[in-house]
Amino acid sequence: MAIKRGALVGCGFFSRNHLQAWRDLGDRCAIVAVCDLDPAKAEGAALEFGIPAHYASVEEMLDREALDFVDIATTAPSHRAIVEACARHGVGAIVQKPMAPTWKDATALVVAMEQAGRPLMVHENFRFQAPLLRAAECLASGMIGEPTWGRFSFRTGYDIYAGQPYLAEVERFVLLDLGIHVLDVARVLMGEADSVVCRSQSIRDGIRGEDMATVMLGHRGGATSIVDVSYASPQSPDPFPQTLLHVDGRKGSIQLERDFHLIVTTPAGTTSESVAPRASHWMSQQWCLIQDSVVTTQRHWLDCLDRGTEPATSGRDNLKTFALVEASYLAAASGRRESPATV
Ligand code: NAD
Ligand code: 89Y
């Protein structure tokens, strides 16, 4: 397979993980340009990662570079315009979550890429985390039978504002930033949901949006699940950034406990295994769960480009997760059970 030529847009906090992961995948792709509205950030990333070109304008970069894909690691308000520019230039894109700040923008950017006939994947990395991949594999094997109930929980007091100060300013906060990841995991393990109940809370002083939310999903097969997310849960030790889960099935259960202990109960008995992520020289102890999943996510994108197949987290697929976020906001405001939009 020919080496894919990619360009990264957005050289901020999280982009380093993308660039390190592309470097790990260097036998399959080359990042040939980076872009940031702040030219110093683009130049700094190009220098540090040995990337030949840097730009302050996406349009200029798309005009000048011959690309197989663009990797969009900017914050959500810019995603629609950048994806639409990729669509106009006939270039595929992988875009960070959340796909957009609103349902209208999310659907528009998916349609733009579909009309251009180019691939679009959302960089939704939680379902690609090593422990969650293993939990999904156990469930899919049928060893615990049909799932009947699930809880997917991410609660932390970790100072996320230090690295991502923009999160304090957004009106739609924890559901769109973090709930979107955990709702996606619930979809993968429990199947599609057709009803949503939600309560949200704003706990921390000085933030604009909600930093705690509890969602109850009704799944099509009859199962129920709870997704609870919080950035206002001081604790020690803090499990950040682990998602913990418990799924009951008709024949057993799966539990993912702190520090990557997976406990599976089947009619044959209970087993426990360590499902820790892979650590590599550029990863930190705390973030390697996510950093390792960035490599897995980006590898999946390259696999799909090579094979011409639809990514598991394609724009169209991710709209189904986005619809659960929208229904959660609606349910929190109305106090009623809401139905997600059909995608
Ligand atoms: P950031 O603000 O640190 O960096 C974003 C960069 O994009 C900035 O340097 C900004 O100048 C640049 N930018 C904005 N608009 C641009 C445009 N139109 N053209 C070129 N450059 C532009 O943000 P971040 O914390 O790195 O977050 C980026 C994205 O990654 C967000 O969508 C966030 O939700 C996501 N994120 C994902 C994870 C994860 O685990 N999946 C973790 C953290 C952040
Ligand atoms: O913003 C969040 C995300 O997307 O993953 C982890 C995070 O950076 C903080 O919880």
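Predicted model: local features only at pLDDT ≥ 70, side-chain atom pairs only at ≥ 80, totals over all residues.

Pro241 sits in the loop between β10 (224-230) and β11 (244-249). So that I don't skip it, here is the background: most peptide bonds are trans. There is another cis bond to look at. Lys97 to Pro98 is cis too, with omega near -20 degrees. Pro98 lies in the loop between β5 (92-96) and α5 (103-116).

Now ligand 1. How many residues surround ligand 1? The count is 26, and the closest are Gly10, Gly12, Phe13, Phe14 and Thr74. By type, the shell divides into 12 nonpolar, 9 polar and 5 charged. Domain 1 (4-118) and domain 2 (127-283 + 320-334) each supply at least three residues to the shell around ligand 1.

That brings us to the domains. The assignment gives domain 1 as 4-118 and domain 2 as 127-283 + 320-334. Note that domain 2 is written as two segments. Their C-alpha centres lie 28 Å apart. Across the boundary, 8 residues of domain 1 are in contact with 10 residues of domain 2. The side of domain 1 that touches domain 2 has 5 nonpolar residues, 2 polar and 1 charged.

Next, the overall picture. The protein has 10 helices and 14 strands. Its C-alpha atoms fill a box of roughly 60 × 45 × 40 Å along the principal axes. The radius of gyration is 20 Å, and a compact globule of 343 residues would come near 20 Å, so the two agree. Buried residues make up 45% of the 343 residues. On contact order, take the contacts between residues at least 6 apart in sequence: 69% of them join residues at least 24 apart.

Let's zoom in on one helix, α2, residues 39-49. Which residues of helix α2 are buried? They are Ala42, Ala45 and Ala46. Seen down the axis of α2, these buried residues fall within an arc of 100 degrees, so they line one face of the helix. An α-helix has 3.6 residues a turn, so residues three or four places apart point the same way. What does the buried side of α2 pack against? Its partners are α1 (15-24), β2 (29-35) and β3 (53-55). The face turned away from that buried side carries the exposed residues Ala40, Leu47 and Glu48. Just after α2 comes Gly50, with a positive phi of about 65 degrees.

Asp259 has a positive phi of about 60 degrees, and Phe260 has a positive phi of about 70 degrees. For reference, most residues other than glycine have a negative phi. Where are they? Asp259 is in the loop between β12 (253-257) and β13 (261-266), and Phe260 is in the loop between β12 and β13 as well. Are they buried or exposed? Asp259 counts as exposed, because it has 11 C-beta neighbours inside 10 Å and the cut-off for exposed is 12 or fewer. Phe260 has 17 such neighbours inside 10 Å, so it counts as partly exposed.

Last stop, strand β12, where we find Ile254. Why does Ile254 count as buried? It has 24 C-beta neighbours inside 10 Å, and buried means 20 or more, so it qualifies. Leave aside the neighbours within four places in sequence. Then Ile254 is in contact with Ala135, Cys138, Leu139, Ile144, Val247 and Val264.

Over to you for questions.

Notes
Residues numbered from 1 in each chain as written. Chains lettered and ligands numbered in written order. Near = placed C-beta within 6 Å. Nonpolar A, V, L, I, M, F, W, Y, C, P; charged D, E, K, R; others polar. Domains from an automatic or database assignment. Helix = DSSP H or I, 4+ residues; strand = E, 2+ residues; numbered from the N terminus. Arc of directions from axis to C-beta. Contact = placed C-beta atoms within 7 Å. Rg over C-alpha atoms; globule rule 2.2 N^0.38 Å.
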